[in-house]
Amino acid sequence: MPRGDGRLSHDLLPGEKGPQDACGVFGVWAPGEEVAKLTYFGIYALQHRGQESAGIAVSDGRQILVYKDMGLVSQVFDESHLTALRGHLAIGHTRYSTTGASVWENAQPTFRATATGSLALGHNGNLTNTRELAKLVDELHDERGELPLPGNSGLRSTSDTDLLSTLLASHPDLSLEAAAREVLPLAKGAFSLVWMDETTLYAARDPQGVRPLVLGRLERGWVVASESAALDIVGASYVREVEPGEIISIDEHGLRVSRFAEAKPKGCLFEYVYLARPDTSISGRSVHATRVEVGRRLAVEAPCPEADLVIPVPESGTPAAVGYSQASGIPFGQGLVKNSYVGRTFIQPSQTIRQLGIRLKLNPLRDVIQGKNLVVVDDSIVRGNTQRALVRMLREAGAASVHVRISSPPVKWPCFYGIDFATRAELVANGLDVEEIRRSIGADSLSYISLESLVEATTLPMDDLCRACFDGVYPIDLPEPEILSGQLITEPNSRNTSWECSPTRGAGPPIAASLT
């Protein structure tokens with residue numbers, strides 16, 4: 001059964017869930033190190049990228065053992081789990097579902113038997129040609145007249161990651177590295193991958209490099225991770241980003257690099273706005289520095305001379321609020337306190353609790369804001385419900401006026417590359433102009449940063465960034481319109497098995513064992 005942690009969930013505020021990234025991935029090859037614990041701390045550092053499930057796969061050179069479950073990293077693993085995961089090679093994953101149901105079967109890393117052993121795989125992103133890949137999986141065995149490999153029978157692929165894993169495992173005449181060079185060009189959309197067999201760690205990034213992936217060095221090994229902050233946490237030094245269209249392989253013979261596609265960079269602009277940790281660097285620039293610069297530019301584009309105080313909506317609005325204060329000369333203050341323990345739970349809140357609304361997440365400091373004309377800086381507006389409740393709460397706490405400044409342009413388009421915003425109909429900026437949104441949330445004024453200024457703050461060329469959620473220009477082809485409105489693959493029933501493992505080489509078929 002899923003385990004609650006006594007924390008509050010997004011269900012407390014229906015319709016107010018913020019943008020969610022699909023996943024965080026981590027991989028380590030380090031003989032002589034406790035790779036399971038390194039992976040635990042790596043995915044713990046990436047918890048913000050996915051809170052539905054977590055998993056770790058470890059190999060000792062003879063077999064792969066996978067443990068995964070629903071919940072936060074700290075809920076899924078304890079000392080006994082990590083002690084049981086022994087080896088020199090590991091990958092880890094935190095998941096938020098964008099394709100496929102939020103059930104145990106879709107927790108990652110995925111596991112598949114191959115002709116020579118087994119593989120485990122973790123994926124950050126979202127594929128846009130899932131239907132074509134599913135058809136290819138169905139045709140593959142029919143065309144070759146093959147029976148399913150031991151350990152793969154009875155599996156129902158319900159996510160894009162399942163399909164990639166199955167395709168990689170279905171080339172008995174190729175090495176896993178060679179199979180990746182065959183399979184990855186078939187995948188369309190966003191994917192930053194870590195995967196492994198019994199002896200080798202692999203990493204790859206889609207040709208557009210939509211989702212981030214970095215390479216780091218340990219004294220006795222290598223690390224790959226979704227963000228550079230995860231390298232810092234485990235004591236690895238940053239080497240470089242994994243290039244778009246690149247495959248990295250790491251084993252006892254060292255690090256090898258190959259390509260499966262030409263690089264056509266289109267990194268996600270929203271990583272700078274909200275998704276990435278502020279202590280992460282992207283393309284050589286600190287995310288925190290970018291957000292502060294966005295705030296400075298926002299102060300120039302949308303001044304508020306009558307304001308007495310600049311306050312952020314913590315935490316993601318804080319760097320931009322600092323920049324706004326610096327550029328405007330208006331004092332910066334902490335006017336809102338965030339409840340740090342608001343997370344996911346399996347406890348259903350009552351209607352009485354729901355009515356408390358945003359106060360369960362944020363509480364105003366009345367003595368700071370009473371009688372003040374406030375500039376309130378937030379990172380984005382998706383549906384508008386949170387900002388509406390926030391403005392009302394600040395007025396009730398005594399604010400003389402509330403001027404909202406947003407450190408991103410209006411979000412008008414949904415994301416198909418790994419961020420769960422909302423449907424286009426739910427995006428408030430899709431149907432209303434800025435003045436109408438201002439009236440809707442009840443602010444005295446409302447301004448957004450321009451797309452041009454946001455891009456300039458990143459120091460990257462506009463053509464090297466995916467801006468689709470802001471301008472509707474999708475750099476990777478989308479599936480047919482009738483597919484976009486719902487999930488691409490059917491959902492399974494949930495089950496509770498948490499352990500998976502490959503056979504010891506020369507032994508019988510893979511087994512899955514229940515943990516009680």
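Here are some questions and answers about this predicted model.

Q: How many helices and strands are in the chain?
A: Let's start with the overall make-up. The chain has 516 residues, and 58% of them count as buried. Its secondary structure comes to 18 helices and 26 strands.

Q: Among contacts in the chain between residues at least 6 apart in sequence, what share joins residues at least 24 apart?
A: Contact here means heavy atoms within 4.5 Å. Take the contacts between residues at least 6 apart in sequence, and the share that joins residues at least 24 apart is 73%.

Q: Are helix 9 and helix 10 parallel, perpendicular or oblique to each other?
A: Helix 9 covers residues 287-301 and helix 10 covers residues 318-328, with the axes 6 Å apart and an angle of about 45°. Roughly parallel needs an angle under 35 degrees, and roughly perpendicular takes 65 to 115. The two helices are therefore oblique.

Q: Which residues of helix 10 make the contact with helix 9?
A: Helix 9 passes helix 10 in a right-handed crossing. From helix 9, the contact takes in His288, Arg291, Val292, Gly295, Arg296, Leu298 and Ala299. On the helix 10 side sit Pro319, Ala320, Gly323, Tyr324, Gln326, Ala327 and Ser328.

Q: How do the residues of the contact of helix 9 with helix 10 divide into nonpolar, polar and charged?
A: Gly counts as polar in this scheme, while Ala and Pro count as nonpolar. Sorted that way, the contact of helix 9 with helix 10 has seven nonpolar, five polar and two charged residues.

Q: What is the handedness of the crossing of helix 9 and helix 16?
A: Helix 16 spans residues 451-458, and helix 9 packs with it at an angle of about 145°, the axes being 9 Å apart. The crossing of helix 9 and helix 16 is right-handed.

Q: How many residues in the contact of helix 9 with helix 16 are charged?
A: Helix 9 brings Thr290, Glu293, Val294, Arg297 and Glu301, and helix 16 brings Ser453, Leu454, Glu456, Ala457 and Thr458. By class, three are nonpolar and three polar, while the charged residues number four.

Q: Which helix do the buried residues of helix 10 pack against?
A: The buried residues of helix 10 are Thr318, Pro319, Ala320, Ala321, Gly323, Tyr324 and Ser325. They pack against strand 18 (309-312), strand 21 (373-378) and strand 22, and also against helix 9.

Q: What kind of aromatic pair do Tyr67 and Phe77 form?
A: The structure holds ten aromatic pairs. In the pair of Tyr67 and Phe77, the centres are 5.6 Å apart and the planes are at 65°. Planes over 60 degrees apart get their own label, and for Tyr67 and Phe77 it is edge-to-face.

Q: How many residues apart in sequence are the parts that the pair of Tyr67 and Phe77 ties together?
A: Tyr67 is in strand 4 (residues 64-70), while Phe77 is in the loop between helix 2 (73-76) and helix 3 (79-84). The C-alpha atoms of Phe77 and Tyr67 are 8.7 Å apart. Along the sequence, the separation is ten residues.

Q: What is the relative accessible area of Phe77?
A: Phe77 touches Tyr40, Ile43, Ala54, Gly55, Ile56, Tyr67, Leu82 and Leu85, leaving out residues up to four places away in sequence. Ring pairs also link Phe77 into a cluster with Tyr40, Phe41, Tyr44 and Tyr67. Phe77 is buried, with a relative accessible area of 4%.

Q: Is Ala400 buried, partly exposed or exposed?
A: Ala400 is in the loop between helix 13 (385-396) and strand 22, where it touches Gly371, Lys372, Asn373 and Arg395. Buried means under 20% and exposed over 50%. Ala400 has 47% relative accessibility, so it counts as partly exposed.

Note on methods. Residues numbered from 1 in each chain as written. Predicted model: local features only at pLDDT ≥ 70, side-chain atom pairs only at ≥ 80, totals over all residues. Heavy atoms only, no water. Axes fitted to C-alpha atoms, helices over the stretch in contact; angles between N-to-C directions. Helix = DSSP H or I, 4+ residues; strand = E, 2+ residues; numbered from the N terminus. Parallel < 35°, antiparallel > 145°, perpendicular 65-115°, else oblique. Left-handed = near helix turned anticlockwise from the far one by under 90°. Phe/Tyr/Trp six-rings, centres within 6.5 Å; stacked < 30°, edge-to-face > 60°. Buried < 20%, exposed > 50% of the residue type's maximum accessible area, 1.4 Å probe, protein only.
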